[in-house]
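Here are my notebook entries from a look through this structure.

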Amino acid sequence: MQTETRCFWCNLKNPIYVRYHDEEWGKIRTDDEYLFEMLILESFQAGLSWECVLNKREHFRAAFDGFDREKIAAYGEEKLAELYENKNIIRNRLKIEAAVTNAAIFGRIVDEFGSFYGYLKTFTRGEIICECDKTTSPLSDAISNDLRSRGMKFVGTTIIYSYLQAVGIINSHDKTCFLHP
């Protein structure tokens, strides 16, 4: 582990969290597989801490078929029942059902825009935004409203803001963090 100063929220006692902070959070990612995984994980964070979700990430990957969105979009009652009973993930029925709905809608967005990043760029013009100490913004409001109008669930503006930070569209590393731009 590095000894540099990190963002205040990074639990230095949790190596998974430190690795996530140092190697992943705030770094631009444009591949659909990653963008989908993070959207699903962020939706499970609603009302919980990101550290809780991150600690269960590998269990989520196993339970949700490696975040294969086509498989998830096709989940039937048997698979849903399995997920509802899986003690290794967050077993919120509404969030699990939203993952299935959101997988299908994510696929339609990819078909429409060529990629999910292509969709996001219609809002950002490809720019990376650097800002700290926010939980929502006009950008997260606009994307959230559009995703909800398409039928997605658990994509409120706070969740979308956190998502944009996670995938590097918004860089929010603290000014004292060694990763601050």
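**Entry 1: the aromatic rings**

I began with Phe106, which counts as buried at 0% relative accessibility. One reminder to myself before going on: this is a predicted model.

I then checked Phe116, and this residue is also buried, at 0% relative accessibility. Next I searched the whole structure for aromatic pairs and got 14. One of them joins Phe106 and Phe116 as a stacked pair, with 4.2 Å from centre to centre and 15° between the planes. Phe106 belongs to helix H7 (residues 93-113) and Phe116 to helix H8 (residues 116-124), so this pair ties together parts that are 10 residues apart in sequence.

Which residues do ring pairs link into a cluster with Phe106 and Phe116? I found Phe36, Phe113, Tyr119, Phe123 and Tyr163 in the cluster with them.

**Entry 2: salt bridges**

I turned to charged side chains next. Side chains of opposite charge can pair when their charged atoms come close. How many salt bridges does the structure hold? My count came to 12, and I looked up a few of them.

Glu82 pairs with Lys79, and their closest N and O atoms are 3.1 Å apart. Both sit in helix H6 (residues 77-85), three residues apart, so about one helical turn separates them. Buried or exposed, I asked of Lys79? Lys79 is buried, at a relative accessible area of 15%, because the cut-off for buried is under 20%.

Lys134 makes a salt bridge with Glu131, with 3.5 Å between the closest N and O atoms. I noted Lys134 as partly exposed, at 40% relative accessibility, while Glu131 counts as buried at 17%.

Arg150 and Asp146 meet through their side chains in a salt bridge of 2.7 Å, N to O. Arg150 is partly exposed, with a relative accessible area of 27%. I also found a network: Glu24, Glu37, Arg57, Glu58 and Arg61 are joined by salt bridges that share partners.

**Entry 3: a charged patch on the surface**

Where does negative charge gather in a patch? I found this patch on the surface, made up of Glu33, Asp68, Glu70 and Asp111. Glu70 lies in helix H5 (residues 69-73) and is exposed, with a relative accessible area of 63%.

**Entry 4: backbone angles**

Last, I went through the phi angles. Most residues other than glycine have a negative phi, so I wrote down two residues that do otherwise.

Asp133 is not a glycine, yet its phi is positive, at about 65°. I located Asp133 in the loop between strand S1 (129-130) and helix H9 (138-149). Asp133 counts as exposed, at 77% relative accessibility.

Phe154 also has a positive phi without being a glycine, and here the value is about 55°. Where does Phe154 sit? I placed Phe154 in the loop between H9 and helix H10 (157-166). Phe154 is partly exposed, with a relative accessible area of 28%.

Terms used. Residues numbered from 1 in each chain as written. Predicted model: local features only at pLDDT ≥ 70, side-chain atom pairs only at ≥ 80, totals over all residues. Heavy atoms only, no water. Patch = residues over 30% accessible without salt bridge, like charges linked within 9 Å, V, L, I, M, F, W, Y side chains within 5 Å. Areas by Shrake-Rupley, 256 points an atom, 1.4 Å probe, with all protein chains shown as cover. Salt bridge = Lys/Arg side-chain N within 4 Å of Asp/Glu carboxyl O. Lys, Arg positive; Asp, Glu negative; His and termini not counted. Charge placed at Lys NZ, Arg CZ, Asp CG, Glu CD. Helix = DSSP H or I, 4+ residues; strand = E, 2+ residues; numbered from the N terminus. Buried < 20%, exposed > 50% of the residue type's maximum accessible area, 1.4 Å probe, protein only. Phe/Tyr/Trp six-rings, centres within 6.5 Å; stacked < 30°, edge-to-face > 60°.
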